[in-house]
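Thanks, everyone. I will go through one structure today, domains first, then a helix pair, then a chain contact. Please have it open while I talk.

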Amino acid sequence: MKNFQILRYIKKLLPIIIVFCLLATYVIYYKLSSSNTYIASEVIHYNDEQAEKGLAPTGDKLDVNEIKSSAVMSKVVDKMGLTGIYSVDSLISRIDITPIADEDKLAQKDAKLEEGEEYIYEPSTFIVSFAATSGEGADFARTILDETLDVYFEQFSQKYVNVAPANNTIKNIDKNDYDFMEMMELIDTGIDGTLTTLYQRIDQNDFYRSTETGVSFSELADDFNYLRQVKVSSLFSKIYKYQITKNKAVLISDYTTRIDNNTISNAKADGIVEDVVTLIDAYVTKMRESGNTNITYEYILDNLHERNLQDYVGDQTVTYDELIYSWRDHRESKEHAIIDSAYCTYVIDTFNHCTGNCGGECASSDLTCTELCDEQYASVRKEVEDELAALLEELSALYDTTMKTNNEYNKYVGASYISVLSSASVKQSVNVPLYTLIAFFFLVVLCCGGAIILGRTGDIINYIFYTDHLTLFNNRAYLDKYLKSKDKKLLDDGAVYCLVDIANLVHINGEYSRDVGDEIIKMFTFYIKEAFGKTKTEYIYNGNGSFVMLAEDSDYITVEDIMRLFRLRLDEREEHRNIAIEYKIGIAETFKENKTARKLLSEAIKNKKSYSSNI
Amino acid sequence: MDKFLSPKAKKNIRAAKFFAFGMIFVCLATAIVIVLCSYIGNRNFRETFYNVSSIKADSPLRVIQLSDLHSCLYGDDNQKLIARVEELKPDVIICTGDMVNSATDDADFAADLGRKLSKIAPSYYVYGNNEVESIYDFPLNEKELDEHFGFTKANRDETKLLEIKDSFEQKLEKAGIKVLKNEKDTIEVKNMTVDVYGVLNSNPSSFWSYSEKSFFDHIYENSDNLKITAVHEPFIFEEFSHDFWGDLMLCGHTHGGVMRVPVLGPLYTHEGGLLPERSGGLVYGRYDVSGKPLIVSSGLENKNILRINNQPELVVIDINKF
Amino acid sequence: MITALLQKLIILIIGVLFLVSAAIIYFRFKNVNRTEAAQIFKTTQYFNAWLILLCFVVTIVFGVFNHFELKKSVHAIISLNYSEASQAQNSNGTRYNMAEIICDEVVDKAIEKGALKDVTTKELRDCLVVYPCVQGGVGDESEYHISTEFAVEYHASKHTSHLDSENVIKLITSAYKEYYIENYTDNFGLASEKPNFDEMEYMDIAAYFDKETLSILNYLYGMAEKNNSFVTENNTTFNSLAGRVYQFKETQINQNFRSFILQNGIVRDKEAYVDRLSHHNKNVDFDRQKNGVSFDLCNQAIDMYSEEMTRVVLVPTWDEAGKYYMGRTKVGIDELSVLATSYSDYVTSNEKEIMDNNLLIDKMSAGNEDSGLHESVDLMADAIYDSIKGFEKEAIKAGREYSSHKMNQCIAVSIYGISIMNELKTLVLFAIFAYAAFMLRVISKKFPKKV
């Protein structure tokens, strides 16, 4: 069998190995790239000290998962114009929030818990990530993450810090069928509510100024106040003075109904107040009887420590206080209702008032006295309508500015409560170049291994099926295979076939023994090999002492010389000198006449000459 | 001589000759192609955008500078140029000289252009050397001016220069475009007050002698106004140093060096010679002069000069707060 | 598109030529022995005039297409120079969002500024990419990084190939800067339009002046809170400027203007104004009654509170400054007392408002509509308005100087167009590669097919 030569096996299949490795590497690269994901991550930290107790600034539970709530994501989808392209749920499912715990604090917590003490610690630093597919790209991942956090910061502030909204409650009131008085009341109430919210903002941060609108909450409050004092008041006074109404009867009945409702609710309130007073008395009596009220102001609770005791941390109202507040609230609503009724009466009286100029006609008419007899009524009414429209426009613009300022403030507060520790960074889930390189080397090793295995298997098969084990030349089966492969081809110029037959092998086997015969065969093998040397020749042992040498790149004279050398070596041998060997040599070549392999072989057989080696 | 050379040597010489001629041919062909491409490319102008910051700018302000048109046409009656200027929506338009080859022969051309520009935005016109040559019959350097007016250093009166009336100025102003000859004009644009000053005698020898007072009025009065200084040639900035020339300075004249070679820069100007930027010349683009931006336009002329890598340009300057 | 195809085609042809020649040499190498092969390589004429010329021409052609291709891509670096950038915030304290650099609003603005034709916002936006120049990681605290420099890349597509790439990127960065300044930098300013004083009552004009000066004061105090030692070019601080405005307000507006109107009963439409004040007083009176009732009820509730329920306990407590003290538990009367106090304040405020209005009513009623003082009051109003505008201008200028000093130009942009050196490098490499391919071809022809 041939020697184990790695390079020979690899060299044989080298082009295939290279092409296969390159193609397979490319396929792997393509698969990895297309299944790769881009993960954008950002680190955020809640600055408020309540966050470490798992609480938001309002004392409610801090739920970080709000970052990926549908409220936030739907806004993101809207903002990025992805409606119809991506569903909110599909984006939510790709967001991941991982807490980063402070190890020192965790150790502290564990230590405290072991001692039986309470220690509340929740992580306040989180990694927020969003995964995008390779088709979407790194840019998409980063953008979605940025927008999500933008919206979340704003919503966080709205929900937990800057709670009261500053909404436009008077939008389109002129489109509804309100009377002038009702519209003015709504405007006044709306401005009042807005001012309350604005004053709260001013308390939080008097000098905060929006960069988008260029105004502060103070300025907005001043603007609303100015409008109220000047334009709202002016309109009110005109409406009162000229009894301007769309429908007097409807207006009067509205206010009358209001008075009636107040009366009914007051009667109800009276009942509730009585019950509450009864309850309060009973409560105090019971507390006294039980001795729970017998405590002095010097009583000290030792084990109760409250850090940073604020005015209000959670609801600490006791039952008795709740009763007292309930009494007060019901009494207050009753008294306010009485005042409101007085106001309604004032409005009714104003619109029912008759100057006498109409001759009492207004009492039985749907029109007011002024409408009936004052010639200025129409122009004043037009004036009021125009001024009202202008006021609503001005208020709309102001509300718009307020909303923008408030929104920006929410973003500002959000950013002050939640800080970014690390900007969005994008990493690929799979290091494509690295894995491709590894795959390439792996494939090369695999292919080379395969080539070695295939080559060695070939050698083994050749040895088993096509090698003569005595001479280690190719065997008869190989010759048959060879001839079959050359059946349809003509041999090129320079092909020389040489036959060497040991003519008296049978006699030698019989005379001396088979072993001696084998040794003679081996000796012939050796000398033939030696004679042919490094020429490119196929050696075949055809059995029964018959050797065939196939040289495809030689000529007759060269082979004849080789055979002469062979005969010389045979004659000068030292082994089996006593045995007379008779042998035949036949040589044939293709020269200027291309022949088939079989024909050439036949010619070589024909050209056989006998020789003997007697020493 | 040939008969003493070996065949191999002869072959080498032939090969070398062939190579040399081949290289020359290829280089010539390349040069012709470059020139042709430049010629075709120069049929159109490009826009060059600059951003300038000034805290005096309450809101964004856009200035368009046209320079060195030399009576060229872009479309019928410069329709293409005007249309593009209009699309860019400037707040102020400034022509920094040499818009015509001759103020006498091409006055109608200039007036027509001025009329169209002034319909788009407030427009200003500063004289270049071509206008000066055709209007004044003497160069505007200190010696000639002194001689013309009979002034000495002690009794110079710079207002005398402005008293010389010229019909070109009248024609332009009638068309709606303001001519600035050592004078400033103040306009209100987008709630901002902008002072635009145009220099008539940009020759360094006569600048201080005949423009000092008007120039100082421009830069020191109402210092809160945004100051734009327009002058045809940039030589006064090369020659003199001053702590404040304006918030924005605009120049032309150099035609961007005509040919611009990569790495080396502008190749040649008449006054600066070869590679003028290397010797401190202000030739093309944006420079910093006393901490404020100076922009030198390469001009709009596309005939009579061979521009290589130097397309005619329309300069658009956006001024903002920061 | 065509230039891209041609550029790639040239590279492909040269590449194929190189590979094919190399393959031919490889396969025919076995047809010669080593000595013959060495001889072939030795005898090859490496300096071939034809080949050099051909290589030169091919390189020039490639260079032209390459140049046009490179021109389609350009990038810029945007650096945030203000201090808040290092905390990933905008200069107004809100969270910085890098995606805004190429948001639709910015792209729209760029298209408008450049009057770019035949391109939609989406088409242009699709050609832009923005990413941080340096990005950190989230694995460990040492990897955390806040990006303050961002790269914007523009790669022309078939929809935008007609645009000048360098101009596009300049417009985008300029539009972004403008967008940023509009939205995130100090934009203080009063209403630009002067109200029509002829249609306003004089007291309303005074109220208007009051409002405007308060606006300026609020701005100046806000700026002083940020940095009260900042000195402007005119050697003023925000506080000193605020002091002057305050003094003006107290003296010119409140003392001079308002008092003059009040004492002389100067009014345009006496009846309407008095009516207005009367009705306003009526409304305020209702509020006063409500607040008064609330106050009384709080007091009654305190009286009702059983003394036995007021017993308290003391609790060891820390205050906000970390100091230890004995706090007492709160009871309902504490809150009722606080409420009662605020209602009392409201009542007082309402009563004061009513009294002030009554005074106005008295004065205006006694005044003469045709007193002839209107002209002088109108002049005073115009003068005060001009002064307020002057203060506004000063305040804006001071604010802008401060912003300019603090923001350090806010955003700096560097544009990177085509680098001539990189182009030359590419050309040289290509020339070498092409020449190698041609030489290999020549050499491969010298190797025999088969002996």
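In chain A, the centres of domain 1 and domain 2, taken over C-alpha atoms, are 42 Å apart. The assignment for chain A puts domain 1 at 37-161, domain 2 at 180-297 + 316-411 and domain 3 at 468-613. Those bounds come from an automatic or database domain assignment.

A word on provenance. This is a predicted model, in which local features need pLDDT of at least 70 and side-chain atom pairs count only at pLDDT 80 or more, while totals for chains, interfaces and linings use all residues. Residues are numbered from 1 along each chain as its sequence is written, and chains are lettered from A and ligands numbered from 1 in the order in which they are written.

Now chain C. Its domain 1 covers 2-70 + 420-446, domain 2 covers 73-185 and domain 3 covers 224-385. Between the centres of domain 2 and domain 3 of chain C, again over C-alpha atoms, there are 48 Å.

Chain C has 12 helices and 6 strands; these are DSSP runs, H or I of at least four residues for helices and E of at least two for strands, numbered from the N terminus. Its radius of gyration is 40 Å, well over the 22 Å that the globule rule gives for 451 residues, so chain C is more spread out than a compact globule. That radius is taken over C-alpha atoms, and the rule is 2.2 Å times the number of residues to the power 0.38. Along the principal axes, the C-alpha trace of chain C spans about 130 × 70 × 40 Å.

Next, a helix pair in chain C. How do H4(C) and H6(C) pack? Helix H4 (residues 104-114) and helix H6 (residues 165-184) of chain C have axes 8 Å apart, at an angle of about 120°. Axes here are lines fitted to C-alpha atoms over the stretch in contact, and angles run from 0 to 180 degrees between N-to-C directions. H4(C) and H6(C) are therefore oblique to each other, the class left after under 35 degrees (roughly parallel), over 145 (roughly antiparallel) and 65 to 115 (roughly perpendicular).

Last, the chain contact. 23 residues of chain B are in contact with 25 residues of chain C, where contact means C-beta atoms, placed from the backbone, within 7 Å. On the side of chain B that touches chain C, helix H1 (7-41), strand E1 (46-53) and strand E16 (313-320) each supply at least two residues. H1(B) gives the most, with 6 residues.

Methods: Two residues are in contact if their C-beta atoms, placed from the backbone, lie within 7 Å.
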